[in-house]
Amino acid sequence: MSDEKKIPYKIYLEENEMPDSWYNVRADMKNKPAPLLNPGTLNPLTFEEMRGIFCDELCRQELDDTTAYFEIPEEIRKFYKMYRPSPLVRAYCLEEKLQTPAKIYYKFEGNNTSGSHKLNSAIAQAYYAKKQGLKGVTTETGAGQWGTALSMACAYLGLDCQVYMVKCSYEQKPFRREVMRTYGANVTPSPSDTTEVGRKILKEFPGTTGSLGCAISEAVEAATAQEGYRYVLGSVLTQVLLHQSIIGLEAKAAMDKYGIKPDMIIGCAGGGSNLGGLISPFMGEKLRGEADYRFIAVEPASCPSLTRGKYVYDFCDTGKVCPLAKMYTLGSGFMPAPNHAGGLRYHGMSSVLSQLYDDGYMEAVSVEQTSVFKAAQEFARVEGILPAPESSHAIKVAIDEALKCKETGEEKTILFGLTGTGYFDMVAYGRYNDGEMSDYIPTDEELAKGLAGVPKFPGNEI
Ligand SMILES: *Cc1c(COP(=O)(O)O)cnc(C)c1O
């Protein structure tokens, strides 16, 4: 007990203790994640094929599964210093509220204007685009966090930023849109008539309010159609996981400083970038046989790619213009039920996390959204921070695990990722507060419809 008293509410790193390299967990994986495939030839995507879409250095990072450490360029470290290190918080107040013997820590990534961890990769991707002498980048955004992060990074570096925003979010989240425009981004509701694929989708599904997969197709087309532009993506890709390893490296350095070893590490999983980044250095130890941890991915019951999806090659986008990725997927045509409010709505999962999960190094659970908002509210009331609905998936399972410790009397140490703040999600909170939020779990038949869209070729049977 006296030992514990020494652990402050917030553990910060000094500037000179900040990581100077990102860690590539693939280097320590025996079973490497499967390569991206060219959808036409079904051969692994080459550097030459990839460089028309992504900038060169990011193609190299995407393809490299053997280099363990990538030095973080000075310019990016400078930018990181504006909002990092992010605090590692000991949730003393939550522990007390729960009356649990568990020790709960969270790594809080919401302390920047974009409100989430996405800025960690946005600045890296914008930096490499700038360094290559490009004019600008295109991307998609769903709820708007990624688009906001990218517009901040582009504004800092003087790059043009074109964002395709899922139409229903564009209409429902005008404040997000205006933050992006304030940072100089050009925001187009998707599907739009500015791209061929957008026009095709609009013709096929008039009145559609869009989806992430559809906005990706438009952003990729916009990048390839304009001279001096490349496409950037906020999650799923292995390069994004690499940049997000800053979260785990900082968390581990802060814990090491006080001799704290987590028993379990919990994170929400949409495309897998924050969870992958948070667990990377700990997973590295597990893969090398140096330490053992439990890793738990938390996903919404309404979009359960790990817990109910299939591990196969699938399209990354609705328009099927992107390479094929081997991942746990619900099918690129899958769309969560309209009542789903908690984000994390991507149909697939990072190929790195998919492989680690398939190899049994990581667990996954799905949770229903009313229980997520209940946990969010409980957390906000004792810890002060208003969490993003996405982050609250991790809170929910951290609380569940802490309550299990209360029953068994075990003093487990729990670390979870608090990826962001929820100020732009108040419509969803409102629905919860009014008792109008419901849960929806897709039936097996509904999931089968999405999975029927998975490409069929030898070795890729469901
Ligand atoms: C985008 C986002 C997520 C989910 O994305 P991952 O790539 O799975 O990390 C989680 N939390 C917040 C706050 C986000 O903005």
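Guide: Let's start with what counts as a cavity: on a 1 Å grid over the protein atoms alone, it's a set of points where a 1.4 Å probe fits but cannot get out, while a pocket is an open set with protein on both sides within 12 Å along at least five of seven lines, and lining residues have an atom within 4 Å of a point. Grid points are joined across faces, edges and corners, and a volume is the space filled by probe spheres set on the points. Keep in mind that this is a predicted model, where local features need pLDDT of at least 70 and side-chain atom pairs count only at pLDDT 80 or more, though totals for chains, interfaces and linings use all residues. Residues are numbered from 1 along each chain as its sequence is written, and side-chain values use heavy atoms, with hydrogens and water left out.

By that rule there are four cavities of 30 Å³ or more. The largest cavity holds about 120 Å³ of space. Its lining includes Leu36, Phe54, Ile216, Tyr231, Cys316 and Tyr346. Sorted by class, that lining has twelve nonpolar, no polar and no charged residues. Here Ala, Val, Leu, Ile, Met, Phe, Trp, Tyr, Cys and Pro count as nonpolar, Asp, Glu, Lys and Arg as charged, and the others, Gly among them, as polar.

Now for the open kind of space. The second largest pocket has a volume of about 380 Å³. Sixteen residues line that pocket, with Ile201, Glu204, Phe205, Thr318 and Gly333 nearest its centre. Helix H10 (residues 196–204) gives the most to this lining, namely four residues; helices (H or I, at least four residues) are DSSP runs, numbered from the N terminus. By class, the pocket's lining splits into five nonpolar, eight polar and three charged residues.

One last stop, at a single side chain. Tyr128 sits in helix H6 (residues 119–131) and is buried, at a relative accessible area of 6% (buried means under 20%, exposed over 50%, partly exposed in between, with a 1.4 Å probe and protein chains only). Setting aside neighbours within four places in sequence, Tyr128 is in contact (heavy atoms within 4.5 Å) with Trp22, Cys55, Glu57, Leu58, Gln61, Pro73 and His243.

How values were computed
Helix = DSSP H or I, 4+ residues; strand = E, 2+ residues; numbered from the N terminus.
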